[in-house]
Amino acid sequence: MVATRPTIVSVDDDIPVLRAIERDLRTRYAKDYRILAASGGAEALEAVRELTVRGDPVAVFVVDQRMPNMTGIE
């Protein structure tokens, strides 16, 4: 059985910023982590639910604090 790499979840509503963060995370961490990018809190929560159902670990969240509808802390 192959172990699943932990996931780094990046969340930002500013798409160019999100893509830049995703690119930088992939460049540095793709060997050891899966990189998941979400454009808002609801999208990120749904992705984490799916990861949880599959038993895939989440290593860390990189989240913009100020976003519409949901803050980074929420």
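E22 has a relative accessibility of 14% and therefore counts as buried, since buried means under 20% relative accessible area. This is a predicted model, and in it the side chain of E22 meets that of R19 in a salt bridge, with N and O 2.9 Å apart. R19 itself, at 43% relative accessibility, counts as partly exposed.

**Helix α1**
- Helix α1 covers residues 15-29, and its 15 residues reach 20 Å from the first C-alpha to the last, which is close to the 21 Å expected at 1.5 Å a residue.
- L18, E22 and L25 are the buried residues of α1, and because they fall within an arc of 65 degrees when seen down the helix axis, they line one face of the helix.
- These buried residues pack against β1 (7-11) and β2 (34-38), whereas the face turned away from the buried side carries the exposed residues P16, R23, T27 and R28.

**Salt bridges**
- The structure holds six salt bridges; one of them joins E22 and R19, which are three residues apart in α1 and so separated by about one helical turn.
- Another salt bridge links D56 with R54, the closest N and O atoms being 3.0 Å apart, and D56 is buried, with a relative accessible area of 13%.
- Salt bridges that share partners join R19, E22 and R26 into one network.

**The buried residue D12**
- D12, in the loop between β1 and α1, is buried yet has no salt bridge, and the nearest side chain of opposite charge, that of R19, is 10 Å away.
- The side chain of D12 does reach the backbone nitrogen of D14, at 2.8 Å.

Key: Residues are numbered from 1 along each chain as its sequence is written. This is a predicted model: local features need pLDDT of at least 70, side-chain atom pairs count only at pLDDT 80 or more; totals for chains, interfaces and linings use all residues. Side-chain values use heavy atoms; hydrogens and water are left out. Helices (H or I, at least four residues) and strands (E, at least two) are DSSP runs, numbered from the N terminus. The expected span of a helix is 1.5 Å times one less than its number of residues. Buried means under 20% relative accessible area, exposed over 50%, partly exposed in between (1.4 Å probe, protein chains only). The arc is that of the directions from the helix axis to the C-beta atoms. Contact means heavy atoms within 4.5 Å. Lys and Arg count as positive and Asp and Glu as negative; His and the chain ends are not counted. A salt bridge is a side-chain nitrogen of Lys or Arg within 4 Å of a carboxyl oxygen of Asp or Glu. A polar contact is a pair of N or O atoms within 3.5 Å; within protein, one must be able to donate a hydrogen and the other to accept it, and residues adjacent in sequence count only if both atoms are side-chain atoms.
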